[in-house]
Amino acid sequence: MGFTRQAGTKEGMTDVFSIEKTSLDELVIALAGNPNTGKSTVFNALTGLHQHTGNWPGKTVANARGNYRHKDKTFILVDLPGTYSLLASSVEEQIARDFICFGKPDATIVVTDATCLERNLNLVLQVMELTNNVIVCVNLMDEAKRKNIEVDLKGLSRELSVPVIGTAAREGTGLKELMDTVYDVSMGIIKPVPKRMEYEEDIEEIIKDTMSKIEQYVKDPVVLRWLALRLIDGDKTIIDSIKEYMMADWEGRGDT
Ligand SMILES: Nc1nc2c(ncn2[C@@H]2O[C@H](COP(=O)(O)OP(=O)(O)OP(=O)(O)O)[C@@H](O)[C@H]2O)c(=O)[nH]1
Ligand SMILES: [Mg+2]
């Protein structure tokens, strides 16, 4: 989870992203999505007044966090900056990527726009490469209906192999189902196994070779493969992020 200070005590756990947990029973949920898909509307609808805003640590990008309770658990929802990709070509993309990769949220909701789903799936696929615990929220279903666009939510879920929930967040439609699904995924009641890209044999060999060089540092096999892919890509920002977040985590916990 990346909670480095006073981990294991009940109070005052603050992670490198300044997420504060007051109880071990709290679950952290990331809210990702393209710009203007309704992330903040979903965030506001779920957290109401229980939210606070600030900046991402060391960055001038706004950060909103809020809480809601569902069933017997408290959820800390983190509204990530709107991005089209996680390849870190902007500071917003880097924040979203680093939070999902190194902040290890218990689940990530990707909010998408039902009226232009195809464009949004790029980010969905990238998040699915980075973590298993993905829920796709197809928002603006009311707008899609108005435009006579039908979205096959079940078919999409089958194709992606992750839960897909339709919402019209501004009207509050679908939010109960979204919260139920977030609960099930973050508690491990539903265990998504997202479909992922498999490359040709020679590339897979290089991926395996790269993975073997860093596997002692990375426990999570999904993150391990994703980091190997980024290193093969020649993504230098990932090296900085590994130093910043993973090294801090090792030093703090001393168990990885
Ligand atoms: N019709 C309709 N409009 C919505 C819905 N959800 C959000 N909106 C509207 O869409 C616009 C963008 O919503 P935001 O919640 O600000 O979107 P966002 O993803 O947080 O945007 P950025 O933070 O700029 O990336 C606002 O005008 C919302 O009122 C919905 O389900 N239906
Ligand atoms: Mg927003």
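Contact here means heavy atoms within 4.5 Å. The structure is a predicted model, in which local features need pLDDT of at least 70, side-chain atom pairs count only at pLDDT 80 or more, and totals for chains, interfaces and linings use all residues. Residues are numbered from 1 along each chain as its sequence is written, chains are lettered from A and ligands numbered from 1 in the order in which they are written, and side-chain values use heavy atoms, with hydrogens and water left out.

The protein has nine helices and ten strands. These are DSSP runs numbered from the N terminus (helices, H or I, at least four residues; strands, E, at least two). Of its 256 residues, 52% count as buried. Buried means under 20% relative accessible area, exposed means over 50%, and partly exposed lies in between (1.4 Å probe, protein chains only). Among contacts between residues at least 6 apart in sequence, 64% join residues at least 24 apart.

Two individual residues were examined. Asp142 is placed in helix 4 (residues 141-146). Its relative accessible area is 16%, so Asp142 is buried. Beyond its neighbours within four places in sequence, Asp142 contacts Ala168 and Glu171. Val124 belongs to helix 3 (residues 117-130). Val124 counts as buried because its relative accessibility is 0%. Residues up to four places away in sequence aside, Val124 touches Val110, Thr112, Val136 and Leu160. Val124 and Val134 are ten residues apart in sequence, and their C-alpha atoms are 8.5 Å apart in space.

Helix packing was then considered. Two packed helices are described by the angle between their axes and the distance between the axes. The axes of helix 7 (residues 201-214) and helix 8 (residues 221-233) come within 9 Å and cross at roughly 110 degrees. Helix 7 is therefore roughly perpendicular to helix 8. Axes are lines fitted to C-alpha atoms, for helices over the stretch in contact, and angles run from 0 to 180 degrees between N-to-C directions. Angles of 65 to 115 degrees count as roughly perpendicular, under 35 as roughly parallel, over 145 as roughly antiparallel and the rest as oblique.

On the helix 7 side, Glu204, Ile206, Ile207, Thr210, Met211 and Ile214 meet Leu224, Arg225, Leu227, Ala228, Leu229, Leu231 and Ile232 of helix 8. The residues of this contact divide into ten nonpolar, one polar and two charged. Ala, Val, Leu, Ile, Met, Phe, Trp, Tyr, Cys and Pro count as nonpolar, Asp, Glu, Lys and Arg as charged, and the others, Gly among them, as polar.
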